[in-house]
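User: Hi! Could you walk me through this one before I set anything up?
Analyst: Happy to, here it is.
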Amino acid sequence: MTDKYCVIGNPIAHSKSPDIHAAFAAATGQDIAYKRQLAPLDGFADTVRDLVAQGYRGANVTVPFKLEAAALATRLEERARLAGAVNTLRFDGGEIVGDNTDGPGLVADIVRNAGVPLAGKRILLLGAGGAARGVILPFLREKPEAIVIANRTRATADALVAHFADHVAYPGQIAACGFTDIRGSFDVVVNATSASLSADLPPVPASAFRQGALALDMMYGKKPTPFMAFAAKHGATVRDGLGMLVEQAAEAFAIWRGVRPDTASVLARMRAAS
Ligand code: NDP
């Protein structure tokens, strides 16, 4: 019997997840159906209950329901608990298990696809919202020298440093600052602010990009973002968030199906189509 999955969001028509999962299913020979599911803004929990009743096996969750999904889950994996957000639900005999594959997806894209190992590296994370929060534990597991979280609202970055204090290898491995206090240079700079959505450049200094640094914007689309253009101008290798999107989907597929699909061909096809 075909196992059913979907991606829940509002809006949802733009989601590329059905195409990605269809490609994974074809490549791995898994018998699944995956569709877009619009949920009313005040109806996420009812939508999930409906899906469970219809025999769905799991769902991805996107804007604006990731926090609600964490609250609704009857069990949370550690990385989802620490992120405080869920992008992957697994329906398992009465349990709703919540996980977060955004961070592991970003790490897979940087390490495997871009070929940049993170051990011993200095990482600058711009932004302290949901996406930033989800990547900190996966980053720490790669044993970087330092993660500096720079945010417009400094207090939110400070709160994230405190939140992950028990997971650092040594004091000072994570630090917080405001944009105007960014000091030193970095091997990897990740734009996890939503500034690119409004075509704004987060105020990162050019000196933050070490020679040959990787600059990754979580946003993806047709054109390079202002952040990508600025980073490229200052000597960085740039990458958008499409690889992260495909890799987080592969992690979710692996959770549901027990097989991790190859992502290279899917990413190449999506890049050609975008
Ligand atoms: P949130 O709304 O949770 O957080 C937004 C963050 O951006 C906050 O830190 C906020 O700072 C900061 N910010 C907003 N506007 C500006 C600005 N003009 N200048 C500087 N900082 C700003 O958003 P998310 O964390 O959920 O998403 C962030 C980005 O990541 C989005 O572009 C989203 O599309 C992308 N994303 C991509 C994914 C992928 O698979 N590729 C997956 C998930 C997210 P403050 O605290 O001061 O308000």
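Analyst: What follows is a quick tour, from the overall fold to the ligand shell and a few annotated residues.

User: Great. What kind of model is it, and how are residues numbered?
Analyst: This is a predicted model: local features need pLDDT of at least 70, side-chain atom pairs count only at pLDDT 80 or more, and totals for chains, interfaces and linings use all residues. Residues are numbered from 1 along each chain as its sequence is written.

User: How many helices and strands does the protein have?
Analyst: There are 10 helices and 12 strands, where helices (H or I, at least four residues) and strands (E, at least two) are DSSP runs numbered from the N terminus. The radius of gyration is 18 Å, close to the 19 Å from the globule rule for 274 residues, so the protein is as compact as a globular protein of that length. That radius is taken over C-alpha atoms, and the rule is 2.2 Å times the number of residues to the power 0.38.

User: And what does the C-alpha trace span along its principal axes?
Analyst: About 55 × 40 × 30 Å. Buried residues make up 47% of the 274; buried means 20 or more other C-beta atoms within 10 Å of the residue's own, exposed means 12 or fewer, partly exposed is in between, and C-beta atoms are placed from the backbone.

User: Switching topic: which residues come nearest to the ligand?
Analyst: Of the 26 residues around the ligand, Gly129, Ala131, Arg152, Thr193 and Gly241 come nearest. Here a residue is near a molecule or strand if its C-beta atom, placed from the backbone, lies within 6 Å of it. The elements giving two or more residues to that shell are α6 and α9 (242-257).

User: How does the shell divide into nonpolar, polar and charged?
Analyst: It has 12 nonpolar, 11 polar and three charged residues. Ala, Val, Leu, Ile, Met, Phe, Trp, Tyr, Cys and Pro count as nonpolar, Asp, Glu, Lys and Arg as charged, and the others, Gly among them, as polar.

User: You mentioned α6. Is that helix enclosed or exposed?
Analyst: Helix α6 (residues 130-141) has 11 of its 12 residues buried, so it is largely enclosed by the rest of the structure. Its buried residues include Ala131, Arg133 and Phe139. They pack against α3 (66-72), α4 (78-83), α5 (102-113), β7 (122-126), β8 (146-150) and α7 (154-163).

User: Nice. Which residues does UniProt list for "binding site"?
Analyst: The unreviewed entry lists Ser15, Lys16, Ser17, Thr62, Asn87, Asp102, Tyr220 and Gln248. UniProt positions are in the numbering used here, feature names are shortened, and annotations may be inferred rather than shown by experiment.

User: Are Ser17 and Thr62 buried or exposed?
Analyst: Ser17 is buried, with 22 other C-beta atoms within 10 Å, and Thr62 is buried with 20. Ser17 lies in helix α1 (residues 17-28), while Thr62 sits in the loop between β3 and α3.

User: What does Thr62 contact?
Analyst: Leaving aside neighbours within four places in sequence, Thr62 is in contact with Val7, Gly9, Ser15 and Asn87. Contact means that the C-beta atoms, placed from the backbone, lie within 7 Å.

Technical notes
Contact = placed C-beta atoms within 7 Å.
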